[in-house]
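Here is a briefing on side-chain contacts.

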Amino acid sequence: MTLAPETTSLTVQLRLTDSWLALCDLSALTAGRGVAALLPDGGQAAVFLDRAGRMYAIDNRDPFSGAAVLSRGLMGSHQGRPFVASPLLKQRFDLESGRCLDDETVRVTTYEVRIS
């Protein structure tokens with residue numbers, strides 16, 4: 001079934017420890033780009049929608065620079081796996097596992113994301 005975003009209210013939700021947090025309407029996301037979302041604990045998540053319609057969410061904080069910028073990174077794929085490259089130092093983070101593709105000792109938190 002195909003839903004027209006302009007006529008259907010679909011909400012992007014992020015799974016926290018024991019609940020789902022409503023973030024925004026699906027229509028607020030642009031394929032191929034990320035957005036930052038403020039979490040209840042004061043942290044941030046970076047939410048991405050790829051061009052195939054799949055969504056991903058990771059911690060927005062770049063562990064190399066400490067800046068909350070991963071939502072502004074460039075999306076791509078490496079060996080069929082989606083990643084985002086930090087806009088500052090260009091390290092790539094796997095959007096499914098959070099693993100840094102350029103330094104296997106570094107990871108970012110990943111979140112389960114859904115549309116409701």
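**Side-chain contacts in brief**

E96 is partly exposed, because its relative accessibility is 41% and the partly exposed class lies between buried (under 20% relative accessible area) and exposed (over 50%), with a 1.4 Å probe and protein chains only. The model is predicted, so local features need pLDDT of at least 70, side-chain atom pairs count only at pLDDT 80 or more, and totals for chains, interfaces and linings use all residues. Residues are numbered from 1 along each chain as its sequence is written, and side-chain values use heavy atoms, with hydrogens and water left out.

**Salt bridges**

- The structure holds five salt bridges. The criterion is a side-chain nitrogen of Lys or Arg within 4 Å of a carboxyl oxygen of Asp or Glu.
- One of them joins E96 to R81, at 3.1 Å from N to O. This pair links distant parts of the chain: E96 is in the loop between β8 and β9 (110–111), R81 is in strand β7, and 15 residues separate them. Salt bridges with shared partners join R81, D94 and E96 into one network.
- R81 also meets D94 in a salt bridge, at 2.7 Å from N to O. Here too the pair links distant parts of the chain, with R81 in strand β7 (residues 81–85) and D94 in strand β8, 13 residues apart.
- Strands (E, at least two residues) and helices (H or I, at least four) are DSSP runs, numbered from the N terminus.
- Is D94 buried or exposed? D94 is buried, because its relative accessible area is 1%. R81 is partly exposed, at 35%.
- R54 pairs with D50, and their closest N and O atoms are 3.0 Å apart. R54 is partly exposed, with 48% relative accessible area. D50 is buried, at 10%.

**Aromatic rings**

- A search of the whole structure finds one aromatic pair. The ring centres of F64 and F93 are 6.2 Å apart and the planes are at 45°, so the pair is tilted. The pair links distant parts of the chain: F64 is in the loop between β5 (55–59) and β6 (74–78), F93 is in strand β8 (residues 92–94), and they are 29 residues apart.
- Rings of Phe, Tyr and Trp (its six-membered ring) pair if their centres lie within 6.5 Å; planes under 30 degrees apart count as stacked, over 60 as edge-to-face and the rest as tilted.
- F93 is buried, because its relative accessibility is 0%. F64 is partly exposed, at 30%.

**Charges over rings**

- R114 lies over the face of W20, at 3.9 Å from the ring centre.
- R92 lies over the face of F83, at 5.6 Å from the ring centre.
- A charge sits over a ring if NZ of Lys or CZ of Arg is within 6 Å of the ring centre and within 35 degrees of the ring normal.

**Surface patch**

- F64, L88 and L89 form a nonpolar patch on the surface, with about 260 Å² of accessible area together. Accessible areas come from the Shrake-Rupley method with a 1.4 Å probe; for residues, only the protein chains shown count as cover.
- Patch residues have over 30% relative accessible area and no salt bridge; like charges are joined within 9 Å, nonpolar side chains (Val, Leu, Ile, Met, Phe, Trp, Tyr) within 5 Å.

**Cysteines**

- How many disulfides does the structure hold? The structure holds zero disulfides, a disulfide being a pair of cysteine sulfur atoms within 2.5 Å.
- C100 is buried, with a relative accessible area of 0%. C24 is partly exposed, at 23%.
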